[in-house]
Amino acid sequence: MNRRSYLIASALAALPAMAAQHPAVTEGSGSKGRWISIASDGYRLAVHERGAPWLLDFNRDPAGRQNLISSPDHLDVVRRLAQELASYCKQQPPAPQLMETIDALA
């Protein structure tokens with residue numbers, strides 16, 4: 001994880017109480033192209049145009065260094081967040097490549 005990603009993850013870790021009450025959706029672009037993410041209950045699911053999706057657990061990993069997307073213990077979290085993100089995307093459609101990944105996760 002580069003310094004910028006670490007700083008962003010650290011800042012996001014400070015928001016779990018807000019994210020637990022209201023899922024927060026953010027969008028942007030970076031070295032992997034466009035991305036979209038959703039945060040809720042201390043978790044953040046991030047989907048990139050190029051590259052694998054990420055699931056972060058800020059309750060157990062405040063620095064956001066461990067990707068839990070493939071963890072069997074977190075499949076329900078991935079599905080729930082992907083479904084919430086898909087619902088959001090029906091109103092605010094992202095890039096087609098992002099929607100394909102979101103649909104596959106949901």
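The side chain of Arg44 makes a polar contact with the side chain of Ser37, at 2.5 Å. The model is predicted. Arg44 lies in strand E3, which spans residues 43-48. Arg44 is buried but has no salt bridge. The nearest side chain of opposite charge belongs to Glu27, 11 Å away; a salt bridge would need a side-chain nitrogen of Arg within 4 Å of a carboxyl oxygen of Asp or Glu.

Strand E3 is part of an open sheet of 4 strands, ordered E1-E2-E3-E4 with antiparallel pairing. Strands E1 (24-30) and E4 (54-57) stand at the edges, and each has a single partner strand, so one side of each is left without a neighbour in the sheet. On average, neighbouring strands of this sheet are turned by 20° against each other, direction ignored.

Within the sheet, strand E2 (residues 33-40) pairs with E3 in the antiparallel sense over 6 bridges.

| Helix | Residues | Strands touched | Angle between directions |
|---|---|---|---|
| H3 | residues 75-91 | E1, E2, E3 and E4 | about 115° with E2 |
| H4 | residues 96-105 | E2 and E3 | about 135° with E3 |

For helix H4, the strands touched are E2 and E3, the antiparallel pair joined over 6 bridges.

Methods. Residues numbered from 1 in each chain as written. Predicted model: local features only at pLDDT ≥ 70, side-chain atom pairs only at ≥ 80, totals over all residues. Heavy atoms only, no water. Helix = DSSP H or I, 4+ residues; strand = E, 2+ residues; numbered from the N terminus. Buried < 20%, exposed > 50% of the residue type's maximum accessible area, 1.4 Å probe, protein only. Lys, Arg positive; Asp, Glu negative; His and termini not counted. Polar contact = N/O pair within 3.5 Å; in protein donor to acceptor, adjacent residues only side chain to side chain. Pairing = 2+ DSSP bridges. Axes fitted to C-alpha atoms, helices over the stretch in contact; angles between N-to-C directions. Contact = heavy atoms within 4.5 Å.
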